[in-house]
Amino acid sequence: MIERINYLIELYACGNARLFADKCGIRADSLSRVRNGKANPAHFLPYILKAFPDVRREWLYEGEGRALHTEAQKDDLTAKIDALAEEIRKLSDM
């Protein structure tokens, strides 16, 4: 879980933990304790999800799937575009 939080700190705050904590509405020293393994990160997860709604809950809590909702949406769109391109090729061949 700490690795996932560190990933989000890089993604949303360019590695600046204090800035990330501010964005989440949590204390920077509390976040530091989490990152050092001295505090339970589960308490902070709802704050992270509220501050960054693009983060998938399943990924943050369990490490399952993709980190962001938009990544899954991009995959869905890519699949739809590929299917449409194939359909256009078939129609062109007719």
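**Arg56 and the helices: reasoning on a predicted model**

Modeller: In this predicted model, Arg56 is found in the loop between α4 (45–51) and α5.

Colleague: Why is Arg56 called buried?

Modeller: Its relative accessible area is 17%. The class requires a value under 20%, so Arg56 counts as buried.

Colleague: With which residues is Arg56 in contact, leaving aside its neighbours within four places in sequence?

Modeller: Arg56 is in contact with Leu49, Glu64, Gly65, Arg66, Ala67, Leu68 and His69. In the case of His69, the separation from Arg56 is 13 residues in sequence, while the C-alpha to C-alpha distance is 5.8 Å.

Colleague: What makes the pair Arg56 and Glu58 a salt bridge?

Modeller: Their side chains meet with a distance of 3.4 Å, N to O. The criterion is a side-chain nitrogen of Lys or Arg within 4 Å of a carboxyl oxygen of Asp or Glu, and therefore the pair qualifies. Glu58 itself is partly exposed, at 37% relative accessibility.

Colleague: Where is Glu64 placed, and with which residues is it in contact beyond four places in sequence?

Modeller: Glu64 lies in the loop between α5 (57–62) and α6 (69–93). Apart from neighbours within four places in sequence, its contacts are Arg56, Glu58 and Trp59.

Colleague: How many salt bridges does a search of the whole structure find?

Modeller: The search finds three. One of them is the pair Arg56 and Glu58. Asp29 takes part in a salt bridge with Arg27, at 2.7 Å from N to O, and in one with Arg33, at 3.6 Å from N to O.

Colleague: What makes Arg27, Asp29 and Arg33 a network?

Modeller: Asp29 meets Arg27 and also Arg33, and through these salt bridges the three residues are linked. Arg33 and Asp29 lie in helix α3, four residues apart, about one turn of the helix. In general, an α-helix has 3.6 residues a turn, so residues three or four places apart point the same way.

Colleague: Which residues of α3 are buried, and how do you know on which side of the helix they lie?

Modeller: In α3 (residues 28–35), the buried residues are Ser30, Leu31 and Val34. They cover an arc of only 100 degrees around the axis, which puts them on the same side of α3. The buried residues pack against α1 (2–13) and α2 (17–24).

Colleague: How do α2 and α3 pack, and what is the handedness of their crossing?

Modeller: α2 and α3 pack at an angle of about 115 degrees, and their axes are 9 Å apart. The crossing is right-handed. From α2, Ala17, Arg18, Phe20 and Ala21 make the contact, and from α3, Ala28, Leu31 and Arg35. These residues divide into five nonpolar, no polar and two charged.

Colleague: How many helices and strands does the chain have, and what share of its residues is buried?

Modeller: The chain has six helices and zero strands. Buried residues make up 27% of its 94 residues. Among contacts in the chain with a separation of 6 or more, 43% are between residues 24 or more positions apart.

Notes:
Residues numbered from 1 in each chain as written. Predicted model: local features only at pLDDT ≥ 70, side-chain atom pairs only at ≥ 80, totals over all residues. Heavy atoms only, no water. Buried < 20%, exposed > 50% of the residue type's maximum accessible area, 1.4 Å probe, protein only. Helix = DSSP H or I, 4+ residues; strand = E, 2+ residues; numbered from the N terminus. Arc of directions from axis to C-beta. Contact = heavy atoms within 4.5 Å. Axes fitted to C-alpha atoms, helices over the stretch in contact; angles between N-to-C directions. Left-handed = near helix turned anticlockwise from the far one by under 90°. Nonpolar A, V, L, I, M, F, W, Y, C, P; charged D, E, K, R; others polar.
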